[in-house]
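Subject: Structure handover

Hello,

Please find the structure below, with notes on what was found in it.

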Amino acid sequence: MGKPARFSRSKNINSKRYKRDLANYLDGRALKCVTERINGIEEVVGKGGALIKKDDELLVYSDSVVLMRTKINDLYAWELMSLDGVVITAPDIEHGGAERTVIAFYSYWRNLEN
């Protein structure tokens, strides 16, 4: 069985159910690159990697390091309109709890199971 095309029936992006369903949907996605938005400018911070759900945390892993680690209930995330990546804004446990915005671009987003 593949991942569902629609990850949540909840429309409220602040609800715990929406965030949990989104984390399950993103778990295991391979990444092409990761950028970070700093003062309105996007800079590439990693190439390759994956999005990993571990217990109650979501990790952005790239270049053999954890770029971002956050609690699922604290994140605000949405997919890009092109469906080729996801924007994640959350406090980063890995870097002292500072709020960061990263854009993770999927390496290949099309569903190969159909």
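In what follows, a residue is buried if its relative accessible area is under 20%, exposed if over 50%, and partly exposed in between (1.4 Å probe, protein chains only). This is a predicted model, in which local features need pLDDT of at least 70 and side-chain atom pairs count only at pLDDT 80 or more, while totals for chains, interfaces and linings use all residues. Residues are numbered from 1 along each chain as its sequence is written, and side-chain values use heavy atoms, with hydrogens and water left out.

Overall layout. Helices (H or I, at least four residues) and strands (E, at least two) are DSSP runs numbered from the N terminus. Of the 114 residues, 39% count as buried. Among contacts (heavy atoms within 4.5 Å), residues 24 or more positions apart account for 37% of those with a separation of 6 or more.

Five strands form an open sheet in the order 2-1-8-7-6, with antiparallel pairing; two strands pair if DSSP finds at least two bridges between them. Strand 2 (41–47) and strand 6 are at the edges with a single partner strand each, so one side of each has no neighbour in the sheet. On average, neighbouring strands of this sheet are turned by 25° against each other, direction ignored. (Axes are lines fitted to C-alpha atoms, for helices over the stretch in contact, and angles run from 0 to 180 degrees between N-to-C directions.)

Strand 8. Seven of the nine residues of strand 8 are buried, so this strand is largely enclosed by the rest of the structure. Its antiparallel pairing with strand 1 runs over five bridges; Cys33 stands opposite Phe105, and Thr35 opposite Ile103. With strand 7 the antiparallel pairing covers eight bridges, and Pro91 has Glu99 as its bridge partner. Strands 7 and 8 form a hairpin with five residues between them, where Gly96 in the turn has a positive phi of about 75°.

Helix 1. This helix lies across strand 6, strand 7 and strand 8, at about 55° to strand 6. Its buried residues are Tyr18, Lys19, Asp21, Leu22, Ala23, Tyr25 and Leu26. They pack against strand 3 (50–54), strand 4, strand 6, strand 7 and strand 8. Just after the helix, Gly28 takes a positive phi of about 90°.

The core. A nonpolar core here is a set of buried Ala, Val, Leu, Ile, Met, Phe, Trp, Tyr and Cys residues joined through side-chain atoms within 4.5 Å. The largest one has 21 residues, and those with the most contacts inside it are Leu26, Leu31, Val34, Leu51, Val60, Val86 and Ile88. Two or more residues each come from helix 1 (16–26), strand 1 (31–38), strand 4 (57–62), strand 5 (65–71), strand 7 (85–92) and strand 8 (98–106). Helix 1 gives the largest share, five residues. Leaving out residues up to four places away in sequence, Glu79 touches Tyr25, Gly85, Val86 and Tyr106. A polar contact of 2.8 Å joins the side chains of Glu79 and Tyr106. Such a contact is a pair of N or O atoms within 3.5 Å; within protein, one must be able to donate a hydrogen and the other to accept it, and residues adjacent in sequence count only if both atoms are side-chain atoms.

Regards
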